[in-house]
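Work through these exercises with the structure open beside you. Try each task before you read its solution.

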Amino acid sequence: GASGPTSAPTPVPSPVPTTLPADYTYDFEYGTLGGWSTGSAGNSWTLNSGSTPSTPTGPASAQSNSYYVYTETSSTSTGDAFDLYRTFQADVETVSFYYSMYGATIGSLRVDGSNDGFSTYTTVWTKSGDQATAAWSQVSLDVTGSGYDSIRFYAVAGSSYTGDIALDYIEVTADGDYVSGDAEIGGYPTPEPTPVPSPVPTTLPADYTYDFEYGTLGGWSTGSAGHLWTLNFGSTPSTP
C-alpha cells in the first residue's frame with residue numbers, strides 16, 4: 001500500500017524517582033508532588049487549580065501554570081498541621097517559593113530545615129495571620145552552610161474554614177545545583193514532545209516504503225485510465 005515512512009514510536013516518560021537528581025525543573029503539571037511528601041503531620045496539602053472551594057480565602061489561581069497546593073481547613077480544628085517535605089541529594093543552599101495566606105482565620109506557615117529526617121529541625125522562616133490579599137508573595141531564603149539536606153513547609157490551621165494557605169513554585173539550590181517547581185504537583189522532567197509524522201510529499205524521494213497505512217495513496221495517483229484503485233483491508237468483497 002502507498003504510505004509515507006513509518007514514524008518513530010511515541011517516547012514514554014521515565015518513572016519519577018523518589019529523590020530527583022539536581023537540575024530538574026518542577027512544573028508540577030503531571031498530577032504528582034514530584035518527590036515531595038505530605039500527610040505525616042496529620043493532614044495533607046491538596047492539589048487544586050482556580051480558587052479554593054471556600055470563600056473568602058485562598059488564592060484565585062496558581063502563581064505558575066495551572067496548579068498549586070493548599071491547606072483545606074473546612075473540617076480542621078485550631079492547631080491541626082499540614083506538612084510538605086522532601087530530601088535532596090546535597091546540602092540545600094537556597095529556597096524560594098510563593099505563598100498565599102488570605103482569610104480571616106489564617107493560622108501560620110513556616111519553613112524548616114533538617115539533616116536527620118526532621119527528628120530535629122530548625123525553623124528558617126515563619127509567617128502568621130491573614131495577609132489581607134489573595135495575591136501571591138515570594139520569599140527567598142539563603143541557608144548556605146547550614147547542612148540541611150531536607151526542607152519542610154509546615155502549616156498550622158486556624159479556627160475556621162477561612163484559613164486556606166497555598167504554596168506554588170518552589171525553587172531550591174542544593175550544593176550549587178538548581179531544582180525548582182510548583183509545590184502543587186509534578187516534578188519530573190518534561191518529556192520530549194510526541195513526534196508528528198511529516199506530511200507525505202507529492203514527489204517522494206527514493207528509499208521510501210509505501211505500506212498504505214496512512215489512509216492515502218502516499219503520493220501515487222489513480223483514475224486517469226477511467227477507474228480507481230481501491231484501498232482495502234482483509235479480503236476483497238468477491239470470492240474466490
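**Exercise 1. Is Phe97 buried or exposed, and which ring pairs does it form?**

Step 1. Start with the accessible area. Phe97 has a relative accessible area of 0%. Buried means under 20%, so Phe97 is buried. Keep in mind that this is a predicted model.

Step 2. Turn to Phe153. The ring centres of Phe97 and Phe153 are 5.0 Å apart. Their planes stand at 80°. Angles over 60 degrees count as edge-to-face, so this pair is edge-to-face.

Step 3. Phe97 belongs to strand E7, residues 92–101. Phe153 belongs to strand E11, residues 150–156. The pair therefore ties together parts that lie 56 residues apart in sequence. Phe153 is buried too, with a relative accessible area of 0%.

Step 4. Count the aromatic pairs. The structure holds nine of them. Another is Phe97 with Tyr99: the centres are 6.4 Å apart and the planes at 50°, so this pair is tilted. Tyr99 has 7% relative accessibility and counts as buried.

Step 5. Widen the view. Phe97, Tyr99 and Phe153 belong to one aromatic cluster, which also includes Trp36, Phe88 and Trp125.

**Exercise 2. Which arginines lie over the face of a tyrosine ring?**

Step 1. Look at Tyr154. Arg110 lies over the face of this ring, at 4.0 Å from the ring centre.

Step 2. Look at Tyr121. Arg152 lies over its face, at 4.5 Å from the ring centre.

**Exercise 3. Describe the surroundings of Ser108.**

Step 1. Find the element. Ser108 sits in strand E8, which covers residues 108–114.

Step 2. Check the accessible area. The relative value for Ser108 is 19%. The cut-off for buried is under 20%, so Ser108 is buried.

Step 3. List the contacts, leaving aside neighbours within four places in sequence. Ser108 touches Met101, Lys127, Ser128, Tyr154, Ala155, Val156 and Ile165.

**Exercise 4. What marks the backbone at Pro56, Asn65 and Tyr169?**

Step 1. Take Pro56. A cis peptide bond joins Thr55 to Pro56, with omega at about 0°. Pro56 lies in the loop between strand E4 (46–49) and strand E5 (67–70).

Step 2. Take Asn65. Its place is in the loop between E4 and E5. Asn65 has 52% relative accessibility. Exposed means over 50%, so Asn65 counts as exposed.

Step 3. Take Tyr169. Its phi is near 45°, again positive in a residue other than glycine. Tyr169 is found in strand E12, residues 165–174.

**Exercise 5. Where does pLDDT stay under 50?**

Step 1. Begin with the whole chain. The average pLDDT is 81. A score of at least 70 is reached by 72% of the residues.

Step 2. Over residues 16–25, pLDDT stays under 50. The model has 29 contacts beyond four places in sequence for this stretch.

Step 3. Find another. Over residues 183–192, pLDDT also stays under 50. Here the model has 53 contacts beyond four places in sequence.

Definitions and conventions. Residues numbered from 1 in each chain as written. Predicted model: local features only at pLDDT ≥ 70, side-chain atom pairs only at ≥ 80, totals over all residues. Heavy atoms only, no water. pLDDT = per-residue confidence, 0-100. Contact = heavy atoms within 4.5 Å. Helix = DSSP H or I, 4+ residues; strand = E, 2+ residues; numbered from the N terminus. Buried < 20%, exposed > 50% of the residue type's maximum accessible area, 1.4 Å probe, protein only. Phe/Tyr/Trp six-rings, centres within 6.5 Å; stacked < 30°, edge-to-face > 60°. Lys NZ or Arg CZ within 6 Å of the ring centre and 35° of its normal.
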